Amino acid sequence: MSLEDKDVLRTFPLEEASWRLHMTLGYQLRGELGLWHATATQALFDDMNAKMPHRLVIDGDTASGALIDALWHDARSRG
């Protein structure tokens, strides 16, 4: 993750961080985790939906968005 992406996670409200990071960190997550390969990801989507019922994960975009949200919360909890 780039220093710029880390800075966005620490300084922007969740909604703004999510849209700012969609094409950078989100793209990286979608590519490196293979979030567009349906056969490889359905188990991951099911697991994410079980752990984060407030975020319905149905495709690579929503999966990367949920992961960015989790990273945002993690960055905030570390201070």
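Which residues make up the largest nonpolar core? In this predicted model, that core has 10 residues: Val8, Leu9, Leu14, Ala17, Leu21, Leu25, Leu29, Ile68, Trp72 and Ala75. Helices H1, H2, H3 (25-32) and H5 (60-77) each give two or more residues to this core. Here's a quick tour of the confidence, the cores, the helix packing and a few individual residues.

**Confidence**
- The protein chain averages a pLDDT of 90, and 95% of the residues score at least 70.
- Helix H2 gets the highest confidence, at a mean of 96, while helix H4 (residues 38-51) gets the lowest, at 83.

**Cores**
- Besides the core of 10 residues, another one lies apart from it, with 7 residues that include Leu35, Phe45, Met52 and Ala66.
- Leu25, one of the residues of the largest core, touches Met1, Asp5, Ile68 and Leu71 once residues up to four places away in sequence are set aside.
- As background, nonpolar side chains in soluble globular proteins tend to be buried together.

**H1 against H2**
- Helix H1 (residues 3-11) packs on helix H2 (residues 14-21) at an angle of about 160°, and their axes sit 8 Å apart.
- An angle over 145 degrees counts as roughly antiparallel, so that is the label for H1 relative to H2.
- On the H1 side the contact uses Asp5, Val8 and Leu9, and on the H2 side Ala17, Arg20 and Leu21.
- By type, the contact of H1 with H2 has 4 nonpolar residues, 2 charged ones and no polar ones.
- Val8, Leu9, Ala17 and Leu21 from this contact also turn up in the largest nonpolar core.

**H1 against H5**
- The axes of H1 and H5 come within 8 Å and cross at roughly 70°.
- With 65 to 115 degrees counting as roughly perpendicular, H1 and H5 are therefore roughly perpendicular to each other.
- H1 brings Leu9, Arg10 and Thr11 to the contact, and H5 brings Ile68, Leu71, Trp72, Ala75 and Arg76.
- Sorted by type, the residues of the contact of H1 with H5 are 5 nonpolar, 1 polar and 2 charged.
- Leu9 is worth a look: this H1 residue takes part in the contact with H2, in the contact with H5 and in the largest nonpolar core.

**Residues to click on**
- Gly60 belongs to helix H5 and is buried, with a relative accessible area of 0%.
- Leaving out neighbours within four places in sequence, Gly60 is in contact with Arg30, Leu35, Trp36 and Phe45; Leu35 and Phe45 are also among the residues of the core of 7.
- Gly60 and Arg30 are 30 residues apart in sequence, yet their C-alpha atoms are 6.0 Å apart in space.
- Ala70 also has its place in helix H5, and at 34% relative accessibility Ala70 counts as partly exposed.
- From Ala70 to Leu25 there are 45 residues in sequence and 13 Å in space, C-alpha to C-alpha.
- Tyr27 lies in helix H3 and is exposed, with a relative accessible area of 58%.
- The C-alpha atoms of Tyr27 and Pro53 are separated by 23 Å, with the two residues 26 places apart along the chain.

Methods:
Residues numbered from 1 in each chain as written. Predicted model: local features only at pLDDT ≥ 70, side-chain atom pairs only at ≥ 80, totals over all residues. Heavy atoms only, no water. Axes fitted to C-alpha atoms, helices over the stretch in contact; angles between N-to-C directions. Helix = DSSP H or I, 4+ residues; strand = E, 2+ residues; numbered from the N terminus. Parallel < 35°, antiparallel > 145°, perpendicular 65-115°, else oblique. Contact = heavy atoms within 4.5 Å. Nonpolar A, V, L, I, M, F, W, Y, C, P; charged D, E, K, R; others polar. Core = buried A, V, L, I, M, F, W, Y, C linked by side-chain atoms within 4.5 Å. Buried < 20%, exposed > 50% of the residue type's maximum accessible area, 1.4 Å probe, protein only. pLDDT = per-residue confidence, 0-100.
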